[in-house]
Amino acid sequence: MATASVAFKSREDHRKQIELEEARKAGLAPAELDEDGKEINPHIPQYMSSAPWYLNAERPSLKHQRKWKTDPDYTKSWYDRGAKIGQADKYRKGACQNCGAMSHDVKSCMERPRKVGAKYTNKHIAPDEKVETFELDYDGKRDRWNGYDASSYALVIERYESRDEARRKFLKEQQLKKLEEKNNNQNGEEAVVEEDEEEAEDEDDLRVDEAKVDESKQMDFAKVEKRVRTTGGGSTGTVRNLRIREDTAKYLLNLDVNSAHYDPKTRSMREDPLPDADPNEKFYAGDNRYRNSGQAMEFKQLNIHAWEAFDKGQDIHMQAAPSQAELLYKNYKVIKENLKSHTKETILEKYGNAASEEAIPRELLLGQSEREVEYDRAGRIIKGQETTLPRSKYEEDVYINNHTCVWGSWWKDHQWGYRCCQQFIRNSYCLGAAGIEAAEAATDSMKANIARKEAAGEMPPPAEEKRPATWGTDVPEDLVLDEKLLSEALKKEDARRKEERDERKRKYNVRWNDDVTAEDMEAYRMKKVHHDDPMKEFLN
């Protein structure tokens, strides 16, 4: 029980303690008292009543189960909105540069941005706001009405009272107007009777229909008042019972023990309780009937589609986004129907429709024709049927760029071209006969110019082929080399040979210079290794 610190007990003392606890639970012995003199319930388990060892409890108590931490001094007050604590005469260091108040900075200033701030003008310094900090408890932090001024609700009451007063005034004016019209009307009793009827109708409109109220009260016979827990401490809610009391419960339709099973937890009966009854007179045929008919099957198909789409990688969830799942399922059905109709049309176009009303040709209907075809022993056609030319897998007779003939239909001077325009450029644009005439005119003009230059003697001298002597094996005697260029050529040759020895140092983008000078050739001869030279090992 609620004992003090755990001490060693003998077997006899332990037995007496157990007997005492049993007597207290049975009510034969008085209950144990704590430090404050309050009785301790003997039915409290030991793990709850035993105090921890570090509390050093000398007497049995349940104080360790109670709230032992004292609450801080929480406040019930709220911010004093709009309060000012003082106004300075000049700008102070650390104040807002816009208005001059010390309670905020320029970023959180709510005053209109000035053209020149108070920091530079020292004029119109704004008063300092009252900044408060409160320590609220758990409920105070979550109270929506914390700091609400109840006196402000008087404005709402005043607005509603003024509306009611205006309504009463308007109704009174309408009644006075009707009385004046009644006094001024001199048409006799008929007019008076009509006005009385109109007044009666107006009164009926303004009066609440008591019969309708009685009917609405009678319709509440199926309401069940239940206590619904809320965060505000609980409120009475109305839960409507959807089953009409005149209907027989499903578990009372067949009282046979071996009939359809009824699950009271889920209130479901899958099988038909009366399978031998007339289906036309049967009110309830089991839950399976409703699950396999109507919109239940559509909902089941929708769930299956959502599961399969999620397994295939689509971001779809039936419970998280039901509208999205239903829209995707509708699109899926439309696409499926279009694909089915397209497949059907393709098959009908290829094989035909035997159920159509079109008349079948006679030769196909009888399976014979008058055409004579002769075959050899290998099954090859000898005569009687025209041989079809095999078509190429490439596109044929495709005309581009306004051409009327294909590329390769024209051959001249060992070149292929187009026959329609006699051009030799593959991607040229066809100009037709005009292009042929323009090409012939350009050729004639070029020939005329060549003939005119030949007649005038203006032909350029033929270019002489320059073959430097450095490419030969023999060095001419009149060859003069530049020492500076030769030293640069020797360095370049050394770098080239070093690069050839180590392929890893070769750069990705290599540029070659084919222009060889006399100095480069001389450097190559000087660095060249002769295999017959006995001193070749000492060159490098």
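User: Which residues of helix H14 (residues 518-527) are buried, and what do they pack against?

Analyst: The general idea first: an α-helix has 3.6 residues a turn, so residues three or four places apart point the same way. In this predicted model, the buried residues of helix H14 (residues 518-527) are Ala 518, Glu 519, Met 521, Glu 522 and Ala 523, and they pack against helix H13 (483-501). Buried means under 20% relative accessible area, exposed over 50%, and partly exposed in between (1.4 Å probe, protein chains only). Helices (H or I, at least four residues) and strands (E, at least two) are DSSP runs, numbered from the N terminus. Contact, as used here, means heavy atoms within 4.5 Å.

User: On what conventions do these values rest?

Analyst: Residues are numbered from 1 along each chain as its sequence is written, and side-chain values use heavy atoms, with hydrogens and water left out. This is a predicted model, in which local features need pLDDT of at least 70 and side-chain atom pairs count only at pLDDT 80 or more, whereas totals for chains, interfaces and linings use all residues.

User: How far is Val 480 from Ala 518 in sequence and in space?

Analyst: The two residues are 38 residues apart in sequence and 8.7 Å apart in space, C-alpha to C-alpha. Val 480 is found in the loop between helix H12 (433-456) and H13. With a relative accessible area of 71%, Val 480 is exposed, whereas Ala 518 is one of the buried residues of H14.

User: How is the packing of helix H9 (residues 295-311) and helix H10 (residues 322-351) to be read?

Analyst: Two packed helices are described by the angle between their axes and the distance between the axes. Here, H9 and H10 pack at an angle of about 95°, with their axes 10 Å apart. That makes H9 roughly perpendicular to H10. The contact is made by Gln 301, Leu 302 and His 305 of H9 together with Ala 325, Glu 326, Leu 328, Tyr 329 and Tyr 332 of H10. These residues divide into five nonpolar, two polar and one charged. As to terms, axes are lines fitted to C-alpha atoms, for helices over the stretch in contact, and angles run from 0 to 180 degrees between N-to-C directions. Angles under 35 degrees count as roughly parallel, over 145 as roughly antiparallel, 65 to 115 as roughly perpendicular and the rest as oblique. Ala, Val, Leu, Ile, Met, Phe, Trp, Tyr, Cys and Pro count as nonpolar, Asp, Glu, Lys and Arg as charged, and the others, Gly among them, as polar.

User: Is His 403 buried or exposed, and which residues does His 403 contact?

Analyst: His 403 lies in the loop between strand S6 (381-383) and S7, and at 5% relative accessibility it counts as buried. Leaving aside neighbours within four places in sequence, His 403 is in contact with Tyr 418, Cys 420, Cys 421, Ser 428, Tyr 429 and Cys 430. Of these, Cys 420 is 17 residues from His 403 in sequence and 6.7 Å away in space, C-alpha to C-alpha. The backbone oxygen of Ser 428 lies 2.8 Å from a polar atom of the His 403 side chain.

User: What surrounds Asp 137, and where does that residue lie?

Analyst: Asp 137 is in the loop between strand S2 (128-129) and helix H4 (138-141). With a relative accessible area of 19%, Asp 137 is buried. Not counting residues up to four places away in sequence, Asp 137 touches Tyr 74 and Lys 76. A polar atom of the Asp 137 side chain lies 2.7 Å from the backbone nitrogen of Gly 140.

User: Where is Asp 143 found, and which backbone nitrogen lies 3.2 Å from a polar atom of its side chain?

Analyst: Asp 143 is in the loop between H4 and helix H5 (153-184), and at 40% relative accessibility it counts as partly exposed. The backbone nitrogen in question belongs to Trp 145.

How values were computed. A polar contact is a pair of N or O atoms within 3.5 Å; within protein, one must be able to donate a hydrogen and the other to accept it, and residues adjacent in sequence count only if both atoms are side-chain atoms.
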